[in-house]
Amino acid sequence: MTDTAKTGPRLREAARTLATWDAAIIAVTAGFLIVASVSVEHFGTARNAGYIVLDLAPILLLALTMTLIVTTGEIDLSVASTVGLTGAAMGAMWNGGMALEAIMPLAVLLGAALGAVNGLFVTGFGLPSLAVTIGTLALYRGLAYVVLGDTAVADWPRPFTGWTLGRIGESAVPNVLVPLVLLAVICGVLLHATPVGRSIYAAGANPVAASYAGIAVGRLKFWLYVASGAMAGLVGVLWTLRYSSARADNAAGLELTVIAVVLLGGVSIFGGKGALPGVLAAVVLLVSVQNALRLAHVSTEALTVVTGSLLIVAVLAPNALVALRTALRRRRPTANGRTA
Amino acid sequence: MTAVEARSDSATATGSAVLDLVLRFRALGLVLALAVLVGVTASLNPRFLSGQSVRDLLFAAAVTLLLACGMTVVVLTRGIDLSVGSVLGLSAYVTGSALSATGMAVPLALLLGLAVGAVCGALNGAIIHFGRVPPLVATLGTLYVLRGVVYFAAGGSRINASDLPRAFLDFGSGHVLGVPYLFAVSVLVLAAVGVFLGRYRAGRDLYALGSNPEAARLAGVPAGRRLMTAYVLSGALAGLGGVLYAARFGTVDASAGYGIELDVVAAVVVGGVAIFGGSGTALGAGLGALLLTVIDNALPVLRIDQFWQQAIVGALILAAIALDRLVSVRAARALRRKGSHVD
């Protein structure tokens, strides 16, 4: 599986196909949005666009930090469980009579602490992140049930829940778009325009070489897990207030959707490759396809098939292209030889 | 890597009694944990060891145990198969429909389930081997696709026990000498997979591929064929699991087996199969599956809130991989002391 990255030309070729994949997913997304606005009734309205933004917010936020982690060659499957546990903890604190203004930062801090546990196991003890985060996926979700059982906390104050669903002033722009854009820009700048971002790519492409080059790979990964946990804590707050419900099963199974959009956006699961714009486009594509299917009264079950196939094709297509090109190149000299 | 390679030989002797003990500690630890758990629970409530209670436990363990065998084979090659839950659902629905339409005999239903699963497994294997798609991505994709196919096929309908032939339901609820048929099937499969992995060339090749794919290829291991074997096997066993699922519950709807992949991966990891390949046994994975089921069944008896179950599973996974790490570091140090040239 590492063969594709073995030689210089093939690497460059792979990079080129990935770059085109990035552009392709953005083009597909833009194309879909245009076609759907024209052909699906109510899709292109400002109100519907607001719903799409609300629906994609949790996926997008989690995908931002997931992109950073996957680019370093690691993975975090525990994000959805962290959303669940921070939501459950919010519910417990609220039941305990704390003020929501104090609960919200505490929930984000709790998320960061849960992320730090992941980071400690992965970088401190040197354990595989896949296994560690499968473990914490079960552990955090389990603790959410321990905290809240199968009850729901639903008596959240109206001003806060209203804000998550509300719009800016008289405009059609949803409030949640502000933190979305802000965090997306921060992560984008971090990954693509700072030394930290270069270190993330370096750590993912070759951790040994990166550490010889003076990058503290372990510390970098640890803080990325902390960031991922804090982001999941923030999503936990948003999720709880948006649905006005803190439940232990909040966001259950969302981790697979997040991984899917990150890979769909052209990030390599082996690390070192990928870019945020592609991931953002993939999130928009997935959620708006879902939305359009619902508006067109097509069963959303079709979406699971589409998501799965796209996921495979996203990785298969560049590989197939590389294979095709090398096959063509191998044939060309012999053809020349025959004609000469 | 030294440690992993050393541990992959744990099925045979390493020539050092001390090291042998360290390496076998794993299966021993699991048996010990099982024994302590069962002992404590039974001492608090003797009915935990009554025939009915044990039968319930074995019924519950059968499907996870079966799927854990297939997952072991795949994880040994540094792979993973996240699609087992969807394969199980598809197979359960297909065989359930076939049974209610034709009333076929039980062995035929088992074969049909195996075949459906094997086709899905071959699809996974082909995507991974020929498409060079990482196993995690490929099987995450087929997890979605196959579940979508089940939803399409089943829609909102479900197959009820009244639609299924009498003989099939008897197979699902019956037992011989207190052991449910379903569990007996799983144990037979476990034994077969154990022998395959431990004694057959193709099985040993899987360990080689998992320890060091590059070296295995240079040594002449037919990597593609072996990978296909592993995924077809995992798929086939998930398919068989679908038949057992249908037999056990008598009803099948589109969500059969949803989310079971994480339980299976958990069982395998707790059972000491290294997630990055090359090390572990089917017996360990089977014991892992059994341990998780016993915990599930013991909690109510121990008057511990059922809500703790998942948290305990998570903590066990973390403990298991941390323990593995510790043992492998120790083993590597022991080997170095002996001056072996394993690296």
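**Reading a helix pair and a chain interface**

Me: Which residues of α8(B) meet which residues of α11(B)?

Reply: Leu182(B), Val185(B) and Val189(B) in α8(B) meet Leu237(B), Leu244(B), Ala247(B) and Arg248(B) in α11(B). Two residues are in contact if their C-beta atoms, placed from the backbone, lie within 7 Å. Helices are DSSP runs (H or I, at least four residues), numbered from the N terminus. By class, this contact has six nonpolar, no polar and one charged; Ala, Val, Leu, Ile, Met, Phe, Trp, Tyr, Cys and Pro count as nonpolar, Asp, Glu, Lys and Arg as charged, and the others, Gly among them, as polar. Do keep in mind that this is a predicted model: local features need pLDDT of at least 70, side-chain atom pairs count only at pLDDT 80 or more, and totals for chains, interfaces and linings use all residues. Residues are numbered from 1 along each chain as its sequence is written, and chains are lettered from A and ligands numbered from 1 in the order in which they are written.

Me: At what angle do α8 and α11 of chain B pack?

Reply: Axes are lines fitted to C-alpha atoms, for helices over the stretch in contact, and angles run from 0 to 180 degrees between N-to-C directions. Here the angle is about 165°, with the axes 10 Å apart. That makes α8(B) roughly antiparallel to α11(B) (over 145 degrees).

Me: How many residues of chain B are in contact with chain A?

Reply: 39 residues of chain B touch 38 residues of chain A. α6(B) gives the largest share of chain B's side, 14 residues. That side has 29 nonpolar, seven polar and three charged residues.

Key:
Helix = DSSP H or I, 4+ residues; strand = E, 2+ residues; numbered from the N terminus. Parallel < 35°, antiparallel > 145°, perpendicular 65-115°, else oblique.
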